[in-house]
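Please open the model in your viewer, with the sequence panel beside it, and follow the selections below in order.

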Amino acid sequence: MIADDKSNAAAYWKANVRLIAGCLVVWAFVSYGCAILFRPLLASIPVGGTDLGFWFAQQGSILTFIALIFFYAWRMNQLDKKFGLGE
Amino acid sequence: MSQFAINLLFVGASFALYIGIAIWARAGSTKDFYVAGGGVHPVTNGMATAADWMSAASFISMAGLIASGGYANSTFLMGWTGGFVILAMLLAPYLRKFGKFTVPDFIGERFYSRTARVVAVACLIIASVTYVIGQMTGAGVAFSRFLEVPSTWGIWIAAAIVFLYAVFGGMKGITYTQVAQYIVLIVAYTIPAVFIAMQLTGNPIPGLGMFSTHTESGVPLLQKLDDVVNALGFQDYTADVDNKLNMVLFTLSLMIGTAGLPHVIIRFFTVPKVADARWSAGWALVFIALLYLTAPAVASMARLNLMTTVYPEMTGQVEDYEVAAAEPILYADRPAWFQTWEDTGLIVYNDANDDGRIQFYNDTNEGFTETAEGRGWAGNELTVNNDILVLANPEIANLPGWVIGLIAAGGIAAALSTAAGLLLAISSAISHDLIKNTINPNISEKGEMLAARISMGGAILLATYLGLNPPGFAAQTVALAFGIAAASLFPVLMMGIFSTRMNSTGAICGMLAGLVATLLYIFTYLGWFFIPGTNMLANTPDNWFIGISPLSFGAVGAMINFAVAFAVSSVTAAPPREIQELVESVRYPKGAGIAVDH
């Protein structure tokens, strides 16, 4: 019984870490990637008088951050239920 | 009614509201004082976190920095919002599960060490006090400008107000006061921005307006702005930057600094459930984004308005050669707001070529020198302080007096709410972590509350004193606060949750290594303890270690912290079994207390 609890908790944690890693890849991709490092590559995509990289730096990355947190909170609620580890 | 009376009315009314709420919600028990009884709804808590987070730097200063730096200063926008993603996933839910009152509480118990707790208290106090100094100065400047009193008085007034509601209200008072402050500051920021976006682009949403067509000229607003600044020798507003490494590290420093700042973390102890901590971070970012999505629009539109105020011929549907030949206005014809701000010394005009006109151009651009000389210009004649941009925005756009009064109240709300949140973090670290858990464990609940209030008063006096005698480098002070939080607190908090193997020796060495390395790097370029003239190297990009500015070093400090902690921890004994079990239990929400007592 105790061993079951332990492996259940470990599986929950593993799923959580995988979810976090996925979200952080997106987080880094939009901010450090699209907005900074890859901006020259996106220069050919025009957005209202400038390019896509500029839009990501001043609007897009912030909007993505919000979506990421809500997605994470929603997925974690599902995981809490699935593994029976919620409150 | 004079503008002065309107300002007084708005600022006075907003204060009456905050103080009223603080009295209504007066804290009863110790737990109420620190964490609002563990019963704050995630949306409410998100709003209060947003007010806590957005300081005078966000409200007053940031749009001005973006206006002058253009794309390069997008770092502030991403850095000060992206940190909430890290908070929501890597820290907030687990710290809420752990169920302690303060950040050093967590570090002290997780690393089963009094030394770790005391080092954490030191990091927290250094980071928070430096941050408060900037807020006090900011509030002082805003008061003195709008209430027309000397800036010294402004700072004392600010100190008195903070003292009243932070000391008598505690966290619960602050939570609801901060909700009110958030509403005041977001309304104050948005209304002028909407008016200006309508004027320039016909689009009432500023964040969309900045990417739309500039009505008068028929070209996209940002392209118009590039054309205008380019014709005067300035760098294109949307120009890319060369030093990408520094831009990445600066953004990273601001992000992990956000996640490591104690006054933000402490907010997540106040929600009823672990799941609420995650939602709460999301809501906080929604409320923050309302300002942060508007700020870049305010920046680009204010820059364009400023340029076309000085060069009216540049507006409208004009050809490139007409833009290039546009004459600046006569000094005698300058608008009224221009004169108001000249009185504060934040706009300075100096007629270098004695022609009575305001030549405003980039005289440090060598490629532009020939053009300027050809037109008989003898150097740039106008200096505009970045920090006035948001405050002057309604005046530049000719908005009614009540909007100006509103923005005064908003700026002051931003500065005070952050100062109060930081002071609470400082006072709880001293009374709770230092006195109750280290020096005198037998202190009564009453005694602990008294100690919290005394240390809060002491911290206010210290910050006011330093605010009255400012070291003269507001931007560096704020960056130092972020650097310290990023390099010292964030890594150990994260390792405390994500590594069961991390032990106390590793954590202590990591914190100290990150803190010391960051401080040394900053002091090398900015002077020992910021005393001018004591810096060992000039603060220029050529001298920086592989192009990393002192402002960006917090990210490197954090990496040093991680590396040292793992190295030391791997050669010393693993933490005791019950600590490893504790870490595992922090990882899932089941069994979280309401707001755990000691």
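Helices (H or I, at least four residues) and strands (E, at least two) are here DSSP runs, numbered from the N terminus, and the expected span of a helix is 1.5 Å times one less than its number of residues. This is a predicted model, in which local features need pLDDT of at least 70 and side-chain atom pairs count only at pLDDT 80 or more, whereas totals for chains, interfaces and linings use all residues. Residues are numbered from 1 along each chain as its sequence is written, while chains are lettered from A and ligands numbered from 1 in the order in which they are written.

**A helix to begin with**

Select residues 504-526 of chain B, which form helix α22. Its 23 residues should span 33 Å at 1.5 Å a residue, and the end C-alpha atoms are 33 Å apart, which agrees. Step just past α22(B) to B:G527, where phi is positive, at about 100°.

**Chain B as a whole**

Turned along the principal axes, the C-alpha atoms of chain B fill a box of roughly 80 × 55 × 40 Å.

A residue is called buried if 20 or more other C-beta atoms lie within 10 Å of its own, exposed if 12 or fewer do, and partly exposed in between, with C-beta atoms placed from the backbone. By this count, 58% of the 598 residues in chain B are buried.

Next, colour the model by pLDDT, the predictor's confidence in each residue, from 0 to 100. Chain B averages 86, and 93% of its residues score at least 70.

**The nonpolar core**

Select B:L185 and B:L423, the residues with the most contacts inside the largest nonpolar core, which has 226 residues. Such a core is a set of buried Ala, Val, Leu, Ile, Met, Phe, Trp, Tyr and Cys residues joined through C-beta atoms within 7 Å. Helix α19 (residues 401-439) of chain B gives the most to this core, with 20 residues.

Go to B:W153, which is placed in helix α8 (residues 151-201) of chain B. Is B:W153 buried or partly exposed? Because B:W153 has 13 C-beta neighbours inside 10 Å, it counts as partly exposed. If you draw a distance from B:W153 to B:S253, 100 residues away along the chain, the C-alpha atoms are separated by 34 Å.

Then select B:Y112, in the loop between α6 (103-110) and α7 (114-147) of chain B, which has a positive phi of about 35° although it is not a glycine. B:Y112 counts as partly exposed, with 15 C-beta neighbours inside 10 Å.

Finish this stop at B:I546, in the loop between α22 and α23 of chain B, where phi is again positive, near 35°, in a residue other than glycine. B:I546 is exposed, with 8 other C-beta atoms within 10 Å.

**Chain A**

Switch to chain A, which follows the pattern α-β-β-α along the sequence. Chain A has a radius of gyration of 18 Å, whereas a compact globule of 87 residues would have one near 12 Å. The C-alpha atoms of chain A fill a box of roughly 60 × 20 × 15 Å along the principal axes, and 37% of the 87 residues count as buried. The mean pLDDT of chain A is 93, with helix α2 (residues 52-82) of chain A the highest among its elements at 96.

**Where the chains meet**

Lastly, show both chains together. Residues are in contact if their C-beta atoms, placed from the backbone, lie within 7 Å, and the contact takes 42 residues from chain B and 37 residues from chain A. On the side of chain B that touches chain A, α5 (74-98), α10 (221-230), α11 (244-260) and α13 (274-292) each supply at least two residues; the largest share, 10 residues, comes from α13(B).

Methods:
Contact = placed C-beta atoms within 7 Å. Rg over C-alpha atoms; globule rule 2.2 N^0.38 Å.
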